[in-house]
Amino acid sequence: PTSVTSVNTIDPNYHANRDHEIIVGLDHELVPNVAVGAAYTLRRTNDWPTWDPRIGLTSADYSVISTLTSGPYSATIYAPNQAKVDATGGGRILENRPDYHSRYQGLEMTLNKRLSNRWMARVAFSVNNWQEFFDGPLAIQNPTHTDSTTGAVSGALSRPQVPGGQIAPRSSGSGKGDIFYNARWQLNANGFYQLPAGFEVGANIFGRQGYIEPIIFQASEGADGSRRALGTATFDATRYPNLWDVDMRVAKTINLSRVKFLLSADVFNVLNAGTTLALGRNVQAADFGTINEIIAPRILRLGVKFQF
């Protein structure tokens, strides 16, 4: 408390990350009003920001303090050399992450039928692969494997540590703070048809691979505090079930002189799927495996729209 200077510092060369990206795309009209397209994206990111290792320490200054096991899950926990931490006052340096880069590859394919002959349709399918790579020893400080792959980790400084492993940003806020966004594939298709007598019908189908469900131990890492240690060999060893959702709509337009009424009925989650979206992930907790969130149930919405 009596110190007149901070034990923490910022690298004078600290800067935004550097992205190198190339996109190659092709679109072609097969027949009138029907077009297909494909686009491939390759992006490499270097100099990831928000990296704050302990000053004067490397991974060699960490040692094993415990090994946690529960059923098929296990984690090895490391802690820093306390004497070296004390020598620097526990100081950290905010810098770009060295010896580290990420690579994203994505392929998106589309089909688009414009509205003609009373109907239209759109289909989009994508495959994605966002990976991280460790190019040298400075990419890791604390060797404990954790479930963090983006953002500042302030002491974990390790991540899952799987060369070529998946990156999945973790959600925060709005009551959804434990979702790891990573789906290797995704499909969305919708269509619309104009029936006689002013009736219209439409449907939308959405599907994606289940997001990553990292199984963790809440563990103490000595001076590095409490961290979520990964209990599996890879970050995406476990995933939630694939998600499928079907929505439908029926509408009718009624014209009365200069006044128009639009009557509609929308059904969301037509199949009333109960897909699990989030579970308790801490194997040491009483709520491990307990459902925290599922897809919303079937909902019927009736509407009347008045236009003049």
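Is Glu21 buried, exposed or partly exposed? Partly exposed, at 45% relative accessibility. The scale is simple: buried is under 20% relative accessible area, exposed is over 50%, and partly exposed is in between, with a 1.4 Å probe and protein chains only.

Some ground rules. This is a predicted model, where local features need pLDDT of at least 70, side-chain atom pairs count only at pLDDT 80 or more, and totals for chains, interfaces and linings use all residues. Residues are numbered from 1 along each chain as its sequence is written, and side-chain values use heavy atoms, leaving out hydrogens and water.

Now the salt bridges. The criterion is a side-chain nitrogen of Lys or Arg within 4 Å of a carboxyl oxygen of Asp or Glu. The count is twelve.

Glu21 pairs with Arg43, at 2.8 Å, N to O. Glu21 sits in strand β2 and Arg43 in strand β3, so the bridge ties together parts 22 residues apart in sequence. Strands here are DSSP runs (E, at least two residues), numbered from the N terminus. Arg43 is partly exposed too, at 23%.

Next, Arg18 and Asp47. Their side chains meet at 2.6 Å, N to O. Arg18 lies in β2 and Asp47 in the loop between β3 (34–46) and β4 (62–70), so parts 29 residues apart are tied together. Arg18 has a relative accessible area of 44%; Asp47 has 21%.

Arg301 is in strand β18 and Asp266 in strand β15, 35 residues apart. Asp266 is buried, at 7%. Arg301 is partly exposed, at 45%.

Terms used: Helix = DSSP H or I, 4+ residues; strand = E, 2+ residues; numbered from the N terminus.
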